[in-house]
Amino acid sequence: MPAESSSPPSYDELVAHNAELTARLEQALALVADLEARLKLSSSNSSKPPSSDGLAKPAAKSLRGRSGRGPGRPKGQDGVTLQRVADPDVVIRHRPVVCAGCGDSLAAAVEIETTWRQVIDLPEPKPRVTEHQLVTLACVCGHHSTATAPPEASAPVAYGPRLAGIGVYLLHGQFLSVSRTAAAIKDLFGVPVAAGTVAGWVKRTALGVIDKVLPVIAGRIAAAPVAHFDETGMRTAGRLGLPRVFRTLSLRVDHAASVLSRK
């Protein structure tokens with residue numbers, strides 16, 4: 001406004017002053033809106049890094065929708081209830097030393113009751129090394145005879161069949177990768193295993209299944225009173241093949257054959 005004078009401001013002066021105040025108010029409101037917008041910025045709605053969120057970091061929002069199921073075990077899923085073992089492997093008796101009431105010694109106290117708690121756990125996983133010593137004997141005829149090593153002792157130092165079975169189970173039963181299977185065996189049992197060794201276990205197991213297990217299953221399917229046989233065409237590696245299925249209610253064999261094979 002113009003400097004104070006004895007005469008009141010004119011209408012034009014009041015209009016000009018009001019326009020000036022309105023413009024300044026609009027600038028102030030725009031500044032306030034800009035500051036409020038900056039306060040609402042976070043790493044989730046701007047290019048700011050997460051470290052700048054501080055204590056105002058927004059809570060994580062789950063992308064999972066409602067399943068419609070209630071809490072607890074899903075309907076139809078089998079439950080497991082632990083049962084007391086009649087003959088536990090280890091029994092540890094815990095006796096109170098002093099009275100919880102007066103503090104006197106209970107060394108000569110009469111036992112009136114025993115309650116029990118059972119803990120089901122695994123023993124410490126420790127590898128067991130079995131050394132097979134192959135003795136060589138000299139016959140009076142001059143010939144030297146050496147004992148035959150068992151199948152699992154195929155090298156001076158070899159992995160046993162139980163360890164190999166665990167490796168195959170982790171790989172194909174629990175769908176771990178080859179490298180993770182090797183790492184799991186080392187972490188659980190303290191036995192270093194190479195990824196190539198795990199692959200070798202799988203190949204050896206597969207050959208054993210082909211030689212010993214498949215003939216038994218095929219024979220039982222062939223001897224079953226009712227069996228199902230089916231085949232369909234499918235291209236594999238650019239060639240036409242015939243995946244075949246032979247099965248009963250409890251047995252099944254899948255076989256991939258060439259389109260020219262009729263065996």
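Arg252 and Asp254 form a salt bridge (a side-chain nitrogen of Lys or Arg within 4 Å of a carboxyl oxygen of Asp or Glu), with the closest N and O atoms 2.9 Å apart. The structure is a predicted model, in which local features need pLDDT of at least 70 and side-chain atom pairs count only at pLDDT 80 or more, whereas totals for chains, interfaces and linings use all residues. Residues are numbered from 1 along each chain as its sequence is written, and side-chain values use heavy atoms, with hydrogens and water left out.

Under the stated criterion, the count of salt bridges is five. Arg252 is partly exposed at 46% relative accessibility (buried means under 20% relative accessible area, exposed over 50%, and partly exposed in between, with a 1.4 Å probe and protein chains only). A second pair, Arg38 and Asp34, meets at 3.2 Å, N to O. Both residues belong to helix α1 (residues 11-39) and lie four residues apart, about one turn of the helix; helices (H or I, at least four residues) and strands (E, at least two) are DSSP runs numbered from the N terminus. Arg38 is exposed at 55% relative accessibility, while Asp34 is partly exposed at 34%.

Arg95 pairs with Glu111 in a salt bridge whose closest N and O atoms are 3.8 Å apart. Both residues lie in the loop between α1 and β1 (136-138), so the pair ties together parts that are 16 residues apart in sequence. Arg95 is partly exposed at 47% relative accessibility, as is Glu111 at 43%. Together with Arg93, Arg95 and Glu111 are linked in a network of salt bridges.

With a disulfide defined as a pair of cysteine sulfur atoms within 2.5 Å, the model contains zero disulfides. Cys99 is in no disulfide, and its nearest cysteine sulfur, that of Cys102, is 3.8 Å away. Cys99 is partly exposed at 27% relative accessibility, and Cys102 is exposed at 54%.

Thr181, Ala182, Ala184 and Ile185 are buried in α3. Seen down the helix axis, the buried residues fall within an arc of 160 degrees (taken from the directions from the axis to the C-beta atoms), so they line one face of α3. These buried residues pack against α2 (161-173) and α4 (195-223), contact meaning heavy atoms within 4.5 Å. The face turned away from the buried side carries the exposed residues Arg180 and Asp187. Gly190, with a positive phi near 70 degrees, follows α3.
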